[in-house]
Structure formats: C-alpha cells, structure tokens
Amino acid sequence: MPFDTKRIRGPEESQSPLLFLSPDKVPESSSRQGVRGNGDVRPVFARCGLISQAKGSAYLEAGNTKIICSVYGPKETERKDETDMKTGRLVCDFRLAPFSCLKRGAWIQGSEERDLSAALLESLQPGVCLHKYPRSQIEVNVMVLENDGSILAHAITCASMALADGGIEMYDVVLGCALRQNGDSCLVDPSYTEECGNWQAGYGENQGCVTLALLPNLNQVSGLNAEGEMREDSLTDAVRTCMDGCHKLYPVYQQALIRAVKKKAPPPEK
Amino acid sequence: MAAGFKTAEPLEYHRRFLKENCRPDGRELGEFRPTTLNINSINTANGSAMVKVGNTTVICGLKAELTMPPSDAPSKGYIVPNVDLPPLCSSRFRPGPPGEQAQAASQFIADVIESSDLVNMEELCIEKAKLCWVLYCDIMCLDYDGNLLDTCIIALLAALKNAQLPEVTINKDTDLAEVDMKKKKHLKINRHPVGSSFAVFDDTITIVDPTAEEESLSTALLTVVTDEEDRLCAVHKPGGTSLSAEKLQHCINRAVTRHTEINKLLNKVMDSMKTSK
C-alpha cells in the first residue's frame, strides 16, 4: 500500500480475517432458489433529495447494494483551457467506501474506481442536454456504501435520478441493468457472490458479465460493458434481457422522482 | 427580501436573530438539532453506524483485520480512525487527498480514543507479539452542515458498540490463525465519550451545535468531550478569540447535559437491536 502521509497511520500490513477461515467452517454460499428467479431483478428502494448541501441527490438500495449520489452544478468550468464554448461538461467521480467490500479497500482511488468513473461518464453523457449549459460543468459524485453486486448498473440509475432531482435538463433518465452469464444460464442483477462466480465454473465456457445503460423512452442504449468470454448469441440475448430488466424497474424510479418533485414543489391546494 | 439580506450581509442577518436570543432555524442558543442514529446497516463491515445531527450526516464503518502487534507494545492492538470529507458532502471539498479539515478531524478522533481509553487495547491482542486485531474505523461524511466532530464521535462510539469480531485461535501445529465466523463477540467499551461543539460570535455570544453557515461566521469554535462519569476527556479549541473561564465552565456544563441525552439515545438503539433479534 503506498505510504499515505495525510491519514492516521496504522500497521504496515494487515490481512482480512476471511483469508484465515478454517476449512471446515467456510460459510455456505447462498443460492437464488426460492428467493427469486434467474430473470428477476432485486426489489429496489429509491429516494431523492437526501443531501441538503447538494443541488440534487439520490439514494438507491437494491438487495444489500447501497449507493448514494449527489450532483453539484452547473458551475463554472475548472479547467479553462479545455472549455468548449458550445456545450457543458459532465464530471463523474465514482468511489467505493473502504468498508463497502468484503476486503477493506484503500482510501486512494484505485484503477478500478477510475475505470468505473469513465464508464459512468460514458453512459450518462448521452442522456444530459449539455448544449444547454455552455461553459459550465456538472459534477456527479457517486459513493458506494455497500457492494453486493451490479454496482455500475445501479450507480448509473442513481446518478441519473440525482441529475433529475437537481433539475438538470435531460433527454431521458438513464437506467442500468447487469447480468451474469454462467454457462448456459444467466442471472439478472447478480449479487456479489454471483458476480464473482464459482472458481470451478470460471474454467468453463461462456462466462461473463454484461452491464447495460438504457434510455427507456427513446429505447436507446447509451452504455454497454461486457467482460468475460461469451458466445455471440448469448451476448445478444444478454443485452435483450438487460433491456427488459431496465424496463421492469422503471415505474419504481418514476414514483421516486414524482415523490421528490411533489415534496419540493407541492401541488396547489384545491 | 430576507433571502437577499441574508446573502448580502450574512453576519448582520445572524446578529439580528442572536439579539432576540434565537437563531435563523428557530432554535434556542443552547439547543441541539434533532439527532437520529441507525446501526448495523452495512453488512460487509464488522460494525457500522449512521448518525444525523440536523442535516449533517456521518456514516462510520468498522473493519477488523489481523496483523502483528507493534514492536513497542506487543500486547496491544491497533485502532485506526480516519475521517473523510468526500466532494459528495459539500461543494467546498474537492476530490483528491484529504484536506486540512479532514486531517484535523482524524487526528482529533485519534486523540479522543487514546485519552478517553475507549477500548482496552489489550483486548484487541489475540496472541502476544504474534497476532492482534487492527480496527479500521472509516468515518465518512455524507452531508456537511456543521458540527462534524460531535457527529463523528457518536458514529464511532455506536459502531464500536455494535461491532462483532469473529473468534480467532492460533493453531499450535501450523502456527497460523484460524477464524471462526460463526462465533462472534462484541467489543468491551470502557468509556462513552460524547462531544458538544460550540461557536462564539463577536466574542460574546456562545451558541451550541453550529450549522455550516454559523461556523463560517463565528469568531471561535470549541468542542468539549465528556464521559459518563462527568469527567473531561478532551477540549479542542483551534485558535479563534479568547474565552473567559466562566464561559468555558458554562460550556462544559452544557456538554455534560448533552452527554446524558446521547447516552439515552445510544442505549435505546442498542436495546431495540437486542429485542429485534
């Protein structure tokens, strides 16, 4: 771990207790049987307008995955040399809290977080009317409080709800959905253990994860992220399944946004 | 019209309220904002707590890892607190390495832990000079509206109280640790420090629990940390105008009353956890 002079120092090295589990006492891995089907998404809890300091904010809970997002702006661009006179800029910052994963993460932003920030930016940009905010930048900060799978997909949804809550003009909400291809079966909205998969299955064929970002009303895909090795037909099926998954949860997010708007601007008394 | 006046002359705006012995959000000078506490929400952490004091929201996640005890104290473990103020919580914080405020807050929390003897460090040691626990307390602010230090202390205390560490034994043959996730036990907390923050306006008026606006307009800030036996654990007054001894005593007395309130809240939440199980 790089030497961090700005934080309280602990011991040089430390290991997670999970590495030392006694072999006969390994916790049972949970299966989906009985709780939800392979094509079912997890029930979602979404609320907007939680952070008082931010222009717009949203909190999303899907199973155990907890994500919070805040939006600041539009404000003057920081880097004048890259200013585009005609359109605005979207700046995304994706962070994983150190206590969010099973193994404690470092405070310094790693390559995974930078990768996810870039993917998030790519998926959100087509949805925001940036030409309406020339010479300004909109900041989107996403924080994952607990990682239980499909964080990129849910972060995309959370970020677009926060943008809508902040009154940023958009063409459409951007919804995200993730899928894990496991041989011949696919699991929609995988949890962390499902995403990582069984190490034995990893040697098999057709293993991978797909994350999709969709604009539901325009039916356009703004972001597609696929990792692993999958057959062509299973990849196209996976994309279609993800699109269905996005549409399934769309009413929930709509309700959350309507609720937030009603709170901010209550309808006139009759 | 009031909003315009507030933007143009914030200090005058606040002074008008303080003259009438109240504050812009309707509180009395000695009144704290409503405090809510939620524990055990993060399943990946060994212990977690989320505290809201008015709008200020802070979440503390505790992760326990194994390491070798320090060479100068072979029978003690480590507690490493860290306060982070991400750009999420307020537009005044930029992404990147922790700024001054975050570093100062982290050091303050570390001092409170040490001076109040919060947890017996010997308890964190599993085998002398071989294995001990290191508790990483990561305190993250989700919404910054003033009074960060109090909220962080409450979050840390609640997270430590509900933390569950798995049982670890050292296998005599292989000399490696063996962790049993099924058997878990709580940490033993010796003291319950609770902080109260004050802000001084114009060298005369002292208000309790300042919001972010009030903090920026104040002339001095003060935090007093007391424990359950009405003893002083820490007093933090980073610069600012001087404070007379009687004012300081008055602040300490208010801190003691605040302690009983927070203690009641903590006990209520811990009891509700036990009954729900």
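A cavity is here a set of grid points, taken over the protein atoms alone, where a 1.4 Å probe fits but cannot get out. In this predicted model, the count comes to two cavities of 30 Å³ or more.

The largest cavity holds about 70 Å³ of space. Its lining comprises 13 residues, of which A:His154, A:Gly176, A:Cys177, A:Gly245 and A:Leu249 are the closest to the centre. At least two lining residues are supplied by each of three elements of chain A, namely helix H2 (151–165), strand E6 (175–182) and helix H4 (232–264).

Strands E4 (89–96) and E5 (136–146) of chain A are the elements that give two or more residues to the lining, and E5(A) gives the most, with three. Five of the lining residues are nonpolar, one is polar and two are charged.

Helix packing was examined in chain B. Helix H3 (residues 100–116) of chain B and helix H4 (residues 148–161) of chain B pack at an angle of about 50°, and their axes lie 11 Å apart. H3(B) and H4(B) are therefore oblique to each other, and H3(B) passes H4(B) in a right-handed crossing. On the H3(B) side, the contact involves B:Ala105, B:Phe108, B:Ile109 and B:Ile113, which meet B:Leu148, B:Leu149, B:Cys152, B:Ile153 and B:Leu156 of H4(B). The residues of this contact comprise nine nonpolar, no polar and no charged.

Technical notes. Residues are numbered from 1 along each chain as its sequence is written. Chains are lettered from A and ligands numbered from 1 in the order in which they are written. This is a predicted model: local features need pLDDT of at least 70, side-chain atom pairs count only at pLDDT 80 or more; totals for chains, interfaces and linings use all residues. Side-chain values use heavy atoms; hydrogens and water are left out. Axes are lines fitted to C-alpha atoms, for helices over the stretch in contact, and angles run from 0 to 180 degrees between N-to-C directions. Helices (H or I, at least four residues) and strands (E, at least two) are DSSP runs, numbered from the N terminus. Angles under 35 degrees count as roughly parallel, over 145 as roughly antiparallel, 65 to 115 as roughly perpendicular and the rest as oblique. A crossing is left-handed if the near helix is turned anticlockwise from the far one by less than a right angle, and right-handed if clockwise. Contact means heavy atoms within 4.5 Å. Ala, Val, Leu, Ile, Met, Phe, Trp, Tyr, Cys and Pro count as nonpolar, Asp, Glu, Lys and Arg as charged, and the others, Gly among them, as polar. On a 1 Å grid over the protein atoms alone, a cavity is a set of points where a 1.4 Å probe fits but cannot get out, and a pocket is an open set with protein on both sides within 12 Å along at least five of seven lines; lining residues have an atom within 4 Å of a point. Grid points are joined across faces, edges and corners, and a volume is the space filled by probe spheres set on the points.
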